[in-house]
Structure formats: C-alpha cells, structure tokens
Amino acid sequence: MPLLHSAAMTSATPGDIADALRAQGYLPDERIAQVVFLAERLDKPILVEGPAGVGKTELAKALAAALGRRLIRLQCYEGLDEAKALYEWNYRKQLLRIQADEQAAWSEIEEDIFSEPFLLTRPLLEAIRSVDPVVLLIDEIDRVEMETEALLLEILSDFQVSIPELGTIKAVSRPMVVLTSNNTRELSEALKRRCLFLHIAYPTIERETEILLTRVPELPESLAESMSRVVASIRSEPIRKPPSVSESLDWARTLLALGVERLDDDAVNDTLHVLLKYQSDVEKVAASLAGD
Amino acid sequence: MLGILTGFVEELREVGIPVSMVETIDAARALEHVDLGSRSGLKAALGSTLVKNARHHRAFEAAFEVFFSLTGPVAGSDEMEARREAAMALLSGFRGGGGGGGGDSEDASDLVAALLRSLRDRDEPLLQAVVRTAVDRLAGIEPGRPVGGAYYMYRVMRRLQIDDVEQELLNALLDVDAPSLERRLVVEEVQRRLEQVREMVRSEIRARLVADRGPRAVARTLRRPLVEDVDLSAATRDELVEVERVIHPLSRRLATRLSQRRRRGARGRLDVRRTMRAALSTGGVPADPRFRRPRPGKPEIVLLCDISGSVATFARFTMQIVYGIAAQFSRVRSYAFIDSIDEVTGFFGPGVDFAEAMRRIGTEAEVVWLDGHSDYGNAFGRFRDAFLDEAVTSRSTVIVTGDARSNYHDPNAAALRAIARRARSLFWLNPEPNRYWDTGDSLMGVYAPWCDAVYEVRSIRQLERFVERAAVPTVRPQRPLA
C-alpha cells in the first residue's frame, strides 16, 4: 500500500496525493487533490464544506491513512468549550496532591499542581503536542457557537496554544488540519481567512460511477453507471433530502443483495426508500419517475 | 503574474466577493507552488485561497474564465491557422457536393450535421472543431464592440439550429418502447450534452472577446450581481431561480437560530444532586460544579405575510421562506393577508410542492375581505380576534413581512400591539427601501414602536443580516403604554 510519508510528502505532486488517497479507497477529484497539495505546501488548514454525506469526514480519514499519520478527531457540538476541546486541569489529582502533603509550603504545591502531570489534554492540545505529525479533524465546526470558534484561531494560524499557568505551548510537529462544515451557519471571517476553502459538491456521474465501483467492487459496471445517472436525476428533483454518496452506496449494496442486474422502473421503485429518507420524497420521486 | 492576480482580485471585489489582503497574499504564495500551465491547478489555488463561500463560486468561475484560461491563440497567428486547418480536415466529410469553403458561408448545414454526429457518437475532437468553426463563421464578431457576447451566442445557436439538433438527437437515441425510467435518463443525457455545447460556444466566444479587448474590459461587461445582492422586487426570472436555490438553506438557518434560546452564556442552574455525586470522588469537596443544561426550545414561529400585488415578487419570496421553514420544522404557523387574513399553514409542510401551495393560497385562502387592496389594520385586527389566542404564546417569534402600505385605511396599531404583547418577539421585514418608509400611505412609523426591530429586506444579503441578528437575545425595547 503506497504511503506518503512526511519525507515523500515534500516532493509529492497533486497527482501523487490523488494516487495515495485512491489507494485508501477515497476517490478525489482533481480539485480535492490540488487543495490538499496546497494545504500541505502552505501549512494551512483545509475548510471542507458541502452537503451531508459527500465524504467530507472521509477525506480526513483517508488523508491520515495515506500519510500514515494518526487521526485525532474533535467532534463539535453546541456547548463545546475549552475544557472539552483544549485542556483541563485534573482537579482530582490536584486535590489529592494537596491533601497528601499538607505541611508543604503553598508556593511549592502551587508550582507542582499546575504542571504537566496534572494537565488533561483534549484533542486540540493533543494534536499540537504529538511528536509524530498527526491529522487533526475538527468535525462539523458549524455546530459550535461563534464565540467558541475563537478558541481555534490561535491553533489554526500559529499552531500553538496558550495556557495561562504554563505559558505558550508550540507545536512539536505541524499537524495537518481538516475542518468540516455543513454550512448551517456562516463561519466567522477570521476563521475562513485562515483556511483554504474546499467545497465538495455531489460528484459528477462519471466520478460517482467510479466511487460505486471502488467501494462495491462486485457491482457490474453497467449497473453502476445507470445507478449514478438515476441518482443524479433524483438529485435534480426539488426534494427535502437529496440522496448522498453514502446513500447511493447503500443502494448499490441493496441492489446487489436483491440480485438486480439491470435497473428498470420496478427495481428502482422497490428500492427507492434506501435512497430517500422521507416518505414524501419517495412518493414525489416515484411519481416523477413514472413520468407523471 | 502578480499584475494579473491583483487585477483579478480587484475584479472579484468589484463583483462583491470580499477578498482580504491576507487572502491575496495567500493566493500569491499558492501560485508559487502550482504549475501555472495547468488550468485546474491554477483554479484550485485561486479558488481555495480567495473565495470562501460556495455561493460565490459561480461568479469566481466567470471571472476566472475571462482572466486566466482563455489566453488562446491570437487570430491570424500560426497556431490559430493550424487549429483552423485541423478543424477543416475533420469537418470536410460533412460538406455537401458543391458546398462553399472559406468562412463566408451563411449556410451552416455541414456544421449542423457534424454537430449532430459529434453529439451522438460523443466525438469530443469533432465537437471542438464544430464549435470553433461555428464561432468563426457564424458569430460575426465585430472587433472593439463593448458587448458581453450574448448576442453572438444567440446568433451561433440559432444558425446551428440547436432546437432541431436536440430533437434529432432525441429521435436517434430515444427508444419509444423503452420504459419510462430509461427514456427519462436519455432525455437528461441529451440535455446535458447540449448544455455542454452551449458552454463550449460561450467560452469560445469569450476567448475571442478577451483576445480583442483584454480581460478587464470583458469582465466588466459580463459582471452580474451576486445572488445575495439581487434586488428581490426587480429580479429577472433567472435571478429568481438562483435566489430560490439559496433560500432553502437560509430559511432552515433562520429557524435554527430562532430556536436557539439563549443557550449560550447562561449555563443553567446548579445541579445540586450531580454536583454532590461528583464531589464524592474529590473527598467531598465540590471541585467540579455541575449545571443543568438549559434545553433548547423548539422554534415557534408565526409568520404574517402580505401577499398583495404591490409586493407580489417579495411575497413569493417570503412564501419560499415559509415553505423552507415548514419543510423542516413543524411548529410554524403561517398566515397570509391582503385586507383580511387567513391561515395557510396547512398548504405547506414536508413534501408539498411549492407551486401547488401557491395555487391553493390564491384560490382557497380567504385573504380578501372587501376590495383586495392591502389593509393592514383590518388584517391585524382579524388576526387578533381569530387566531391570536391559539397561535401565539410567550415563546413565539412573530415575523410580519410587507411594505406597510395600507391604502390610507385605519392603522389599528392597537391590534399589532396586542400581538406584540403576547409574543416573545416581533420582527418586521419590509421590502421597501428605508427612505420610502413613512411616505404616502406607508404606516411603517406607526407600527415600528411595537416591533422589536424593523429590517429593510430587499436582498438575500439583508435577509442574512436579519437571520444573524434575530437569534441574539435582545432586551425588549420599552414600549409606549398608550
């Protein structure tokens, strides 16, 4: 399995990166490979945006595998704070330390309990402190509040974290950072400025066919192609939740399991519920496919 | 290269895409790493460093085409001649018996035949040759004219008889007995290929224009407002289509924001039980206080929309928002009014077709009482009497959309006050420019004191501003007691 190690990475071309990602089962289009390449060269985070299920998170995972690096993931949610994202003092351990040695001078204890052994690292700090370079995935950044975003700015531009009691911790190795967003809210200008922007849309018919064939190798090529065309057609309908790539993969597996070899009206109608998540969408698409 | 880059950035800014200094520097740094001969590399480098919003991508692409990819061979150069000859060779087979050569022929039957063949057989080189020759022979480009090329485009497509080509292509590829799915896929495939032809012709024409007048001049004539800057009351049909595409995610965002009830900041009350439990592990010292998390409320949104003729385009747009919100959240009540008001919630909902909903509002809802001219006073009064108690609670956000032009009827501000008193907050979105408020029969100034805020909303950008602000917990303004 071809891996791009740090040494090889500095001389890699966008084509090499595409090949390495491909070897991990992730099919990048040219733009994705180009942006990953630039991110590495410019030492900049990538902000990946796009509809749900087009493989934003997958990209980070494949990248970590291709580079042979550890993946550190920070899943964002409403209410995420410093203590969960960056670091926290280990109160219990500190308390034990204080109780264990009640005669000691306070200044001595203070120095001791605010040192690294009492620090609980959370994903961001962990990514920075790792000796081997890692891939840091900050998933669904649009879920945290605007104010929490500011937490990330120091890391994203300077790869460092300031802890009041310890001072500034600089990155030992530069992590490769991937942020994903479903665009449920506008991200701050400050954050966007620090990142390279990559929008991943639904794949073209050709690329989706390729994805289907890679991820579900038993699929006959002709079936894969007509499936991608049907999916593209369904996505053009005004529906609540257009099928994502992961849903077309599910569909492929379903069709295989049912032993369908050629797509016809019946086969599609019987399996529409795999592609579509809402009954109203299923009805709408079925009516439209029947040529209402 | 740096010269072109600054020109390009200036063009982006002219269009309305915000590009900061830092981003320009990033772009310049990125350019050091890409192969400048590779279009896609160049595009990725500039796109990812300069444009940070997917919605701006189309405008970026248009500007990119003009500035970067189209420095094609100059007319009359050796390379141009070579290209022309290659195209001629490919096309020679299609020329009828005594068909004229050269570039003067009005008759394009050879090109039409070649186009059809290339599309049917997916013959890419032949298609290229057809497009180039067609633009040479049929566009009749006049050097120096400050045009964007739409007319040339029209001329080429008409002479290529593009509609006939589409029909013939369908005839050739479509099997009438095939099942409907199959037929549908073929039709879509044909449309895709024709769209590709249009795109190729368009960019070929642009290349000629750029070679003639330089990128900046051409970019200027091609400039279109960004989706978010389109004036909603004067939008063209194409612009509306684009607006409607971005409305959907935006209305979802609006609903989400309205539902985020002061979650941030306030951590909720101390949870004594869980704090005590946690304190056990620290020897009884409550070192780690636990809090109850305030639960986010479900959005309760009540929309009152003026759908009278004077705000017709805007009403369609606000209905789109209603539609978008209703598809995502169930706790939305919507009401339409002209001089009376009626509930239209039932016409929307998950999976309902927008056109169908609009039709039903037009025919079934009782929004007209007397003469079908807006009467805000009566509409608010009726709402207060008929719907207020059941629809609005202290958790509801009420949004009124309309121009507040009430044809000199009684404003009935007391009714709006009653609505505002009962609701958590009341916002008013007015599609008229701020400076026209309170002129003529506009009652904006009369109603404004009862609203938490009044926003001018004439574009997506302004709507977004409202969405961003609406969620910020506001201290309700002191209301006059009258």
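Hi everyone, let's begin with burial: of the 292 residues in chain A, 38% are buried. Please keep in mind that this is a predicted model.

Staying with chain A, the secondary structure comes to 15 helices and 9 strands. Its C-alpha atoms fill a box of roughly 85 × 45 × 35 Å along the principal axes. If you take the contacts in chain A between residues at least 6 apart in sequence, 75% of them join residues at least 24 apart.

Now, where does chain A meet chain B? Here 40 residues of chain A are in contact with 38 residues of chain B. Several elements of chain A each supply at least two residues to that side, among them α6 (91-100), β9 (196-199) and α12 (221-235). The most comes from α3(A), which gives 7 residues. Sorted by class, this side of chain A has 14 nonpolar, 8 polar and 18 charged residues.

Let's move over to chain B and look at a sheet. It is an open sheet of 6 strands with mixed pairing, in the order β3-β2-β1-β4-β5-β6. Which strands stand at the edges? They are β3 (341-343) and β6 (453-456) of chain B; each has a single partner strand, so one side of each is left without a neighbour in the sheet. From one strand to the next, the twist averages 20°.

To finish, let's zoom in on one pair in that sheet. Strand β5 (residues 425-430) of chain B runs parallel to β6(B), and 4 bridges join the two.

Terms used: Residues are numbered from 1 along each chain as its sequence is written. Chains are lettered from A and ligands numbered from 1 in the order in which they are written. This is a predicted model: local features need pLDDT of at least 70, side-chain atom pairs count only at pLDDT 80 or more; totals for chains, interfaces and linings use all residues. A residue is buried if 20 or more other C-beta atoms lie within 10 Å of its own, exposed if 12 or fewer, and partly exposed in between; C-beta atoms are placed from the backbone. Two residues are in contact if their C-beta atoms, placed from the backbone, lie within 7 Å. Ala, Val, Leu, Ile, Met, Phe, Trp, Tyr, Cys and Pro count as nonpolar, Asp, Glu, Lys and Arg as charged, and the others, Gly among them, as polar. Two strands pair if DSSP finds at least two bridges between them. Axes are lines fitted to C-alpha atoms, for helices over the stretch in contact, and angles run from 0 to 180 degrees between N-to-C directions.
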